[in-house]
Amino acid sequence: MAPLGDGLDTAEEAIAGHLVKRPISTVVIIIAMQTEALPLVDKFQLVEDSDSPFPKGVPWVRYYGTYKELNINLIWPGKDLGLGVDSVGTISVSLVTYASICALQPDLIINAGTCGGFKAKGAGISDVFVASEVAFHDRRIPIPVFDMYGVGLRPTFPTPNLLKEINLKAGKLSTGDSLDMSPQDEASIIANDATVKDMEGAAVAYVADLLKVPAIFVKAVTDIVDGEKPTAEEFLQNLATVTSTLGQSIAQIIDFISGKCLPEL
């Protein structure tokens, strides 16, 4: 990967200067929930790191292993120390993404997880999307230029061959820190032209872009945001099944990228 702080402006420049012919060696998979992480831990026979590279006292968990000469690091932000629930949302994932890049120096980040989908944009339960762009929908700063900073629109690392080979869907991803959708959030999501919404993706993209590490975003639909069922109810109803589907798709992606260079994705 490109050295941190080398002044490159885009992930594409980093690839052109440093990564063109080198096979992908180290991958970091960022997953917000333990339920989403465990199928991959089992699939790739990953083990929990008993000597964590992260600061003492944080709940962040690293599972690691080797698959087809690919070093896999699955990072889960762990349980909130006070409440014991998964540490979801943009704050925890930003911290853990930064720490993971610094400690593990990955060639590629994969942010995997579940999401809400919009049937008006063609999303259905258990559909798996690779995000083409990511943006925030709850950082409203109605001042010129600050408004664009708040949205934080970023293209993701292009993966045309992966999409073709595995037959996944492509769509824009919008990120916010709430599971439900307020009218203000809805307007921003529509402005973002998003097909799916989550609570982590754009934050991972921000850190990855800051430190010049290519990142892709793989999201499986648990609930239809513009459907008839309450979001929380539908999310919980479909979580186990959709998590299994997500795990299968990530396993296919890991198989695909093994031995490849970044421009081949």
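**Exercise 1.** How many nonpolar, polar and charged residues are in the lining of the largest pocket?

*Solution.* The model is predicted: local features need pLDDT of at least 70, side-chain atom pairs count only at pLDDT 80 or more, and totals for chains, interfaces and linings use all residues. Residues are numbered from 1 along each chain as its sequence is written, and side-chain values use heavy atoms, with hydrogens and water left out.

Step 1. On a 1 Å grid over the protein atoms alone, a pocket is an open set of points where a 1.4 Å probe fits, with protein on both sides within 12 Å along at least five of seven lines; lining residues have an atom within 4 Å of a point.

Step 2. The lining comprises 27 residues, and M33, V88, L179, M199 and F235 lie nearest the pocket centre.

Step 3. By class there are 13 nonpolar, 7 polar and 7 charged residues; Ala, Val, Leu, Ile, Met, Phe, Trp, Tyr, Cys and Pro count as nonpolar, Asp, Glu, Lys and Arg as charged, and the others, Gly among them, as polar.

**Exercise 2.** Which element gives the largest share of this lining?

*Solution.* β5 does, with 6 residues. Strands are DSSP runs of E, at least two residues, and helices of H or I, at least four, numbered from the N terminus.

**Exercise 3.** With which residues is I250 in contact, leaving aside neighbours within four places in sequence?

*Solution.* Step 1. Contact means heavy atoms within 4.5 Å.

Step 2. The partners of I250 are I29, L40, I110, A112 and V218.
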